[in-house]
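Please read them with the sequence and the coordinates side by side.

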Protein chains: 2
Amino acid sequence: MTQGKVIPTSAEVTAMRKVTDHACNLHMQGKDIVFTAAIVWQGQVVAEARNEVGDINDVSRHAEVVAMAKAATSIGQRNLAGATLIASCQPCEMCLSAMRWAGIDRVIFAAQQANTDSAFFRFPALTLPDFHAACDGAFDWHGGLDEDRVAHIYAPGVAG
Amino acid sequence: MTQGKVIPTSAEVTAMRKVTDHACNLHMQGKDIVFTAAIVWQGQVVAEARNEVGDINDVSRHAEVVAMAKAATSIGQRNLAGATLIASCQPCEMCLSAMRWAGIDRVIFAAQQANTDSAFFRFPALTLPDFHAACDGAFDWHGGLDEDRVAHIYAPGVAG
């Protein structure tokens with residue numbers, strides 16, 4: 001159930017490979033926060049981003065939120081209906097909500113909550129299926145794509 | 001239960017009056033999106049904001065998120081533990097999550113979800129008590145302060 005029903009397209013698989021490469025590269029550089037994301041729209045990556053919280057002291061600048069803002073600029077509208085959110089780690093509750101504000105109903109992520117540090121979520125008792133049910137199934141997802149490439153970055157205990 | 005357990009301080013009551021004034025003024029000017037917010041820290045308003053989503057095409061720029069970013073700049077740190085989030089309307093799921101990322105455990109709002117348009121929430125089946133329970137009670141709230149001043153702005157049906 002938690003893996004979700006979305007079947008990634010080849011464009012999405014390629015985008016995820018770039019997103020996980022991005023995370024792995026930052027991690028190898030010793031960066032503290034290495035979440036990464038991208039937006040696929042009409043078969044193309046229209047935005048790529050990493051977590052910028054530490055850059056500008058704004059807790060909302062998670063990679064997914066930054067990616068959506070960049071995509072809105074790129075395509076000239078903030079309504080991203082039809083786009084796919086690609087993320088190196090399962091989006092937190094804030095990012096999931098931002099995704100729905102952007103009208104996105106399709107999300108694909110690598111590391112799954114069950115396999116990551118609990119510090120990456122703020123309402124840990126609410127799962128993705130809970131959010132799915134709470135909006136009457138308005139979005140769907142695929143979790144675990146390329147998870148083996150980034151599992152070490154987000155594993156339980158890494159947040160100390 | 002939905003009103004919450006927080007008892008507003010006089011500084012918070014004053015801040016809410018400013019926040020609702022701000023919303024009412026924007027509404028009277030015919031602005032489309034008139035959510036407003038502020039951050040109270042050590043008895044002082046250290047940030048005031050309105051929804052800026054339409055300004056920069058970024059769905060994350062809700063008034064609460066902007067207020068927290070401004071407060072972080074104002075006090076020089078993004079950890080806002082000890083601060084209070086003041087909002088003209090019950091924070092949506094994204095803002096509630098951002099609040100917890102900022103370490104804020106106290107939120108006071110005017111219009112309550114039950115009395116507002118359903119378009120202002122993305123996971124309507126999840127209530128504030130649900131989020132409260134899902135983080136083991138890590139925050140508390142007071143809803144309905146000065147609600148009579150802004151109820152007309154957020155009433156069911158206003159979002160068309």
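Predicted model: local features only at pLDDT ≥ 70, side-chain atom pairs only at ≥ 80, totals over all residues.

1. Overall build of chain A. Chain A holds six helices and five strands, and from the N terminus on these elements follow one another as α-β-β-α-α-β-α-β-α-β-α. The C-alpha trace of chain A spans about 35 × 30 × 30 Å along its principal axes. A compact globule with 160 residues would have a radius of gyration near 15 Å, and the 14 Å of chain A agrees with this.

2. Burial and contact range in chain A. Of the 160 residues of chain A, 52% count as buried. If one takes the contacts in chain A between residues at least 6 apart in sequence, 68% of them join residues at least 24 apart.

3. The sheet of chain A. The five strands form an open sheet in the order E2-E1-E3-E4-E5, with mixed pairing. Strand E2 (44-50) and strand E5 (140-143) of chain A each have a single partner strand, and therefore stand at the edges with one side left without a neighbour in the sheet. On average, and with direction ignored, neighbouring strands of this sheet are turned by 15° against each other.

4. One strand pair in chain A. Strand E4 (residues 106-111) of chain A pairs with E5(A) in the parallel sense, over four bridges.

5. Helix H1 (residues 10-28) of chain A lies across strand E1 (36-41), E2, strand E3 (84-89) and E4 of chain A, and runs at about 160° to E1(A). Helix H6 (residues 147-154) of chain A lies across E3 and E4 of chain A, where it runs at about 65° to E4(A).

6. The sheet of chain B. In chain B, five strands form an open sheet in the order E2-E1-E3-E4-E5, and the pairing is mixed. Strand E2 (44-50) and strand E5 (140-143) of chain B stand at the edges, because each has a single partner strand and one side of each is left without a neighbour in the sheet. From one strand to the next, the twist averages 15°. Strand E1 (residues 36-41) of chain B runs antiparallel to E2(B) and is joined to it by six bridges; in this pair, Ala38(B) has Glu48(B) in E2(B) as its bridge partner. Helix H1 (residues 10-28) of chain B lies across E1, E2, strand E3 (84-89) and strand E4 (106-111) of chain B, at about 160° to E1(B).

7. The contact between the chains. Chain A gives 27 residues to the contact and chain B gives 27 residues. On the side of chain A that touches chain B, helix H3 (63-75), helix H4 (93-101) and helix H5 (128-134) of chain A each supply at least two residues, and H4(A) gives the most, with six residues. The residues on this side of chain A divide into 18 nonpolar, four polar and five charged.

8. The nonpolar core. Which members of the largest nonpolar core, with its 108 residues, touch the most other members? They are Met68(A) and Met68(B). Leaving aside neighbours within four places in sequence, Met68(B) is in contact with Val59(A) as well as with Ile39(B), Leu80(B), Ala98(B) and Ala102(B).

9. Backbone angles worth a look. Most residues other than glycine have a negative phi. Asn57(A), which is not a glycine, has a positive phi of about 55°; Asn57(A) lies in the loop between helix H2 (53-56) and H3 of chain A and is partly exposed, with 18 other C-beta atoms within 10 Å. Asp146(B), also not a glycine, has a positive phi of about 60°; Asp146(B) sits in the loop between E5 and helix H6 (147-154) of chain B and is buried, because 21 other C-beta atoms lie within 10 Å and the cut-off for burial is 20 or more.

10. A glycine in a loop of chain B. Gly30(B) is found in the loop between H1 and E1 of chain B. Is Gly30(B) buried or exposed? Gly30(B) is exposed, with 7 other C-beta atoms within 10 Å. The C-alpha atoms of Gly30(B) and Gly144(B) are separated by 24 Å, and the two residues are 114 residues apart along the chain.

Terms used:
Residues numbered from 1 in each chain as written. Chains lettered and ligands numbered in written order. Core = buried A, V, L, I, M, F, W, Y, C linked by C-beta atoms within 7 Å. Buried ≥ 20, exposed ≤ 12 C-beta atoms within 10 Å, placed from the backbone. Contact = placed C-beta atoms within 7 Å. Pairing = 2+ DSSP bridges. Axes fitted to C-alpha atoms, helices over the stretch in contact; angles between N-to-C directions. Rg over C-alpha atoms; globule rule 2.2 N^0.38 Å. Nonpolar A, V, L, I, M, F, W, Y, C, P; charged D, E, K, R; others polar.
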